[in-house]
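This briefing is meant for someone meeting the structure for the first time. Please look over the sequence and the model before reading the points below.

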There are 2 protein chains.
Amino acid sequence: MSSTSVATAAMLAIGDELLSGRTKDKNIGQLADVLFLAGIDLKEVRIVGDEEDAIVEALNALRARYTYVFTSGGIGPTHDDITADAISKAFGVPCLHDPLAMQLLGAMYERRGVEFNEARQRMARMPQGAVHIENAVSTAPGFHIGNVYVMAGVPQVFTAMLGTVIPKLEGGVPMLSRSVASPFGEGDIGSALAAIQKNHPETSIGSYPRFSENRFSTEIVIRSREEAPAQAAERDIMAMIAEIAAGKAAS
Amino acid sequence: MSSTSVATAAMLAIGDELLSGRTKDKNIGQLADVLFLAGIDLKEVRIVGDEEDAIVEALNALRARYTYVFTSGGIGPTHDDITADAISKAFGVPCLHDPLAMQLLGAMYERRGVEFNEARQRMARMPQGAVHIENAVSTAPGFHIGNVYVMAGVPQVFTAMLGTVIPKLEGGVPMLSRSVASPFGEGDIGSALAAIQKNHPETSIGSYPRFSENRFSTEIVIRSREEAPAQAAERDIMAMIAEIAAGKAAS
């Protein structure tokens with residue numbers, strides 16, 4: 001994959017509990033970190049509840065638009081876990097008890113002396129033709145079909161599944177990132193920073209305000225897929241900060 | 001507003017930093033909590049980067065579908081703060097320096113002896129016809145236009161703005177929520193819980209697995225807009241847990 005052909009991604013987090021505030025999502029930030037390191041651009045995230053129509057619509061919108069789609073949540077054994085059904089519907093294939101998943105789960109429950117009941121068998125259901133994503137934490141597999149990777153919502157399991165998925169994906173050239181701490185708020189640096197961005201079009205310069213002890217400071221982040229443009233922009237930003245500091249000292 | 005007419009909401013969180021993993025969003029969970037208490041159903045969340053087309057498209061999709069849309073991020077003074085422009089474009093109105101916002105910000109900077117420069121004046125820009133959302137933390141106002149409420153991304157400011165917005169909204173009948181801690185994992189309770197949900201259609205029963213010390217437990221949450229159905233479902237769930245516990249003790 002060349003530096004101009006960049007893999008993109010979207011995330012679809014599924015679960016009423018994320019929308020009611022009961023659960024504070026941890027998987028979005030985790031996925032964002034991992035994709036950033038892999039050089040895959042996360043472009044959009046959606047959160048929807050446990051409603052089939054909402055999942056199908058969001059999934060179809062995202063999978064048509066991005067290289068990869070990652071989902072979290074809704075693949076457990078209870079009645080409100082409907083992600084496997086919704087994904088099957090989106091792809092227009094039946095949702096079946098996967099023989100290999102039945103075997104893995106059956107063997108695991110037998111070892112533990114636990115009944116492999118109807119609810120637990122739900123965790124073996126996936127769209128016909130889907131391929132397993134290994135679950136090293138609690139056995140019940142995720143799955144991928146087409147460009148969609150379906151993973152658990154429990155953060156420990158999501159992270160473990162992500163660890164098996166990412167190395168298999170075709171990434172891009174990882175984005176380099178340099179960060180400059182500005183003691184001045186965005187109001188002080190805004191105009192000069194806009195000019196610097198204009199002079200360094202091969203970089204993407206972001207400005208992230210922080211508010212602490214009743215005053216703003218700024219973290220300036222330079223992103224680029226190559227080293228030289230990022231260095232050049234960083235030099236100009238350091239010079240800008242020195243100039244503002246000198247101006248404040250003189251006034 | 002009657003109990004059958006329920007206000008719905010969506011959130012649009014804006015910012016490259018949320019998608020790169022640099023910033024872990026805190027506003028989604030905050031909004032979810034506040035809306036839940038107000039009886040407004042948060043139905044969907046989207047996160048997009050600082051790209052005008054992406055913001056316009058997501059905003060237009062969400063504002064057509066839900067009673068209220070809340071946005072966070074992109075209303076600061078730097079070149080990558082383009083939310084006001086994007087919202088204006090979505091509504092088809094010009095983005096202008098609002099006279100009242102210019103006055104508020106100008107007075108604040110004058111008091112502080114700080115230059116009210118071009119970058120800082122950017123924070124006074126909003127769609128023509130928009131109404132201020134007060135910012136008690138750092139003066140620069142958010143705004144609302146139509147059913148869209150545009151707020152800052154810095155969590156302290158987002159929360160302060162939300163506090164002034166929510167009391168003015170027409171809410172619904174707040175959702176009641178009861179929670180039952182199940183010492184058993186979803187595999188043990190799944191089938192019985194599905195039957196209980198079927199017997200209590202006026203409630204929405206959710207099941208939230210926890211994984212800790214190498215075993216699963218479950219939090220079962222019953223939501224309903226009325227008390228009696230929630231109580232009835234809770235009784236059946238307690239009986240189910242007692243029955244499973246007795247079965248395990250006997251085996």
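This is a predicted model: local features need pLDDT of at least 70, side-chain atom pairs count only at pLDDT 80 or more; totals for chains, interfaces and linings use all residues.

**Helix H9 of chain A**
- The buried residues of H9(A) are Pro229(A), Ala230(A), Ala232(A), Ala233(A), Glu234(A), Ile237(A), Met240(A), Ile241(A) and Ile244(A).
- Among the elements of chain A that cover these buried residues are strand E9 (176-182), helix H8 (186-199), strand E10 (204-212) and strand E11 (215-224).

**Helix H2 of chain B**
- Helix H2 of chain B, with 12 residues (27-38), reaches 16 Å from its first C-alpha to its last, which is close to the expected 16 Å.
- Within H2(B), the residues Asn27(B), Ile28(B), Gly29(B), Leu31(B), Ala32(B), Leu35(B) and Phe36(B) are buried, and just after the helix Gly39(B) takes a positive phi of about 75°.

**The sheet**
- An open sheet of 12 strands with mixed pairing runs in the order E6(A)-E7(A)-E8(A)-E3(A)-E1(A)-E2(A)-E2(B)-E1(B)-E3(B)-E8(B)-E7(B)-E6(B).
- Its edge strands are E6 (131-133) of chain A and E6 (131-133) of chain B, each of which pairs on one side only, and the twist averages 20° from one strand to the next.
- Strand E1 (residues 8-14) and strand E2 (residues 41-48), both of chain A, pair in the parallel sense over 7 bridges, with Thr8(A) standing opposite Asp41(A) in E2(A).

Terms used:
Residues are numbered from 1 along each chain as its sequence is written. Chains are lettered from A and ligands numbered from 1 in the order in which they are written. Side-chain values use heavy atoms; hydrogens and water are left out. Buried means under 20% relative accessible area, exposed over 50%, partly exposed in between (1.4 Å probe, protein chains only). Helices (H or I, at least four residues) and strands (E, at least two) are DSSP runs, numbered from the N terminus. Contact means heavy atoms within 4.5 Å. The expected span of a helix is 1.5 Å times one less than its number of residues. Two strands pair if DSSP finds at least two bridges between them. Axes are lines fitted to C-alpha atoms, for helices over the stretch in contact, and angles run from 0 to 180 degrees between N-to-C directions.
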